[in-house]
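Hi there,

Here is the structure I promised to pass on.

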Amino acid sequence: MIKNNKNILGPLQSGNTVVVIGGGPGGASCAIALRNLALMDGKQLRVILYEGKIFEKGTHHNQCAGVLSSPIVEILETNLQVKFPWHLVQKEITGYILHSTNEKIHLSEESDPTYAVRRVTFDDYLLNQARERGVEVIQSRVTDVEIFSDRIMVYSESENTSADVIVGAFGLDDGTAKIFERATQYRQPRFLSSIVTKIHPGKKFMEQFGNEIHAFLPPFSKLEFGAVTPKKNHLTINIAGLDINSDLMDKFINYSPVSKILPTDLNPEKNQLMYFKGRFPFRVSKGFYGNRYVVVGDAAGLLRPFKGKGVNTSMITALSAAKTIMRDGISRKAFKLHYRTSCHEIIADIPYGKVLRWLAIYISGSRLFESIIKLAKNDLLLRKALFNSISAHKPFKQIFKETLKPKLVLKFIQQLFK
């Protein structure tokens, strides 16, 4: 623990301990970054990571669709000094197909490719990279946290740990979130629900399906968007909305534009598909940092609204948190001045994401959506805007700035009244 009272909330020194809760991309990345920075500074830092799931057995299903987009390779290899796991890539995604009820458009751009992986194996890879760098991984669920002026106490199902600072990388796990809410000013962010399933249609079908993700804005109440993503030997199907259930997933699979791209004999009830339910945030949480604690990624609500890009964002925010801890301190002031500031682009983009989400809900299944797709087929600017909105390659603020031009608005009005 820190001995110098004047520096009690300052940058960590040799002999200090950090506890990270959560072994997903955010937690593993933060742990790796902490060890890297400590080594660079010649400090002996103890990093302990708690994770209740055992990724290597593959028994836990992650509700994330498992799509890694640019700049994931740079984040791993340049920022974390971890080799990108090319052996885990199941499919290289070349573009998107956006569907309305009666129209569709192919969207692609010459940019860094997107990779489809199985999330549980990707998480296992990162966690093992953390172990190799000296991170102590404890396979146990955290049961309580106490925050004092001079230390942190972490309780788990197997043991307890005294530390100097704690990093929350627990996603939207209700149990851990409530522990943080009791101990700190943290409050869980608002979220959308998601349901994921997968089908194995056979080798021949997968070869014909191609390398594009199919995206949909279905005209169903409560269901905001859905997608079908090709993997190595199966298709991942996911939907999201404020209040969705298995009936809506059945309805989505039977929705004409979706059923047309799936095997003709697929029936959700007869095929006994396995559904997995999860959540992802669309607003920043309250109190995601304070004296001796900081929260990253989904748990902090630091996610691109409407279109997540969650793995990248979790890792980027985790890197920022680690840098603040090692370079600036572990006080609320240090996290506000350095960590929150480093997340400014994500936070500033949220209002624009809200507008885009509202527009998507409003136009789904309407003539407006059909008109937008028809216009985009002959308008490069609108086509790029749709691609960047779906792929999350650009901030929404930039997309609005580049797209809302008088000439394009006039074209849209003309298309609408054809």
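Let me start with Arg292, which is buried, with a relative accessible area of 1%. Please keep in mind that this is a predicted model. Arg292 sits in the loop between β18 (289-290) and β19 (293-295). Its phi is near 70°, a positive value in a residue other than glycine. Lys222 also has a positive phi, near 80°, and is placed in the loop between β14 (212-216) and β15 (225-230). For background, most residues other than glycine have a negative phi, and most peptide bonds are trans. You will find Pro71 in the loop between β3 (67-68) and α2 (72-79).

Ile166 belongs to the largest nonpolar core, which has 72 residues. Leu34, Leu76, Ile166, Val295, Ile325 and Tyr339 are the members with the most contacts inside that core. Another core, of 28 residues, lies apart from it and includes Tyr96, Leu217, Phe225 and Ile390. In soluble globular proteins, nonpolar side chains tend to be buried together.

Now for the helix pairs. Helix α8 (residues 310-327) packs against helix α9 (residues 332-342) at an angle of about 150°, and their axes are 9 Å apart. The two are therefore roughly antiparallel to each other, and their crossing is right-handed. On the α8 side, the contact is made by Thr317, Ser320, Ala321, Thr324 and Ile325; α9 brings Ala334, Phe335, His338, Tyr339 and Ser342. By class, that contact has 5 nonpolar, 5 polar and no charged residues. Two of the names here, Ile325 and Tyr339, were also in the list for the largest core.

The second pair is helix α12 (residues 380-391) and helix α13 (residues 396-403), whose axes come within 10 Å and cross at roughly 170°. That angle makes α12 roughly antiparallel to α13. Here Leu381, Leu382, Ala385, Asn388 and Ser389 of α12 meet Phe396, Ile399, Glu402 and Thr403 of α13. By class, the contact has 5 nonpolar, 3 polar and 1 charged residues.

Technical notes: Residues numbered from 1 in each chain as written. Heavy atoms only, no water. Core = buried A, V, L, I, M, F, W, Y, C linked by side-chain atoms within 4.5 Å. Buried < 20%, exposed > 50% of the residue type's maximum accessible area, 1.4 Å probe, protein only. Axes fitted to C-alpha atoms, helices over the stretch in contact; angles between N-to-C directions. Helix = DSSP H or I, 4+ residues; strand = E, 2+ residues; numbered from the N terminus. Parallel < 35°, antiparallel > 145°, perpendicular 65-115°, else oblique. Left-handed = near helix turned anticlockwise from the far one by under 90°. Contact = heavy atoms within 4.5 Å. Nonpolar A, V, L, I, M, F, W, Y, C, P; charged D, E, K, R; others polar.
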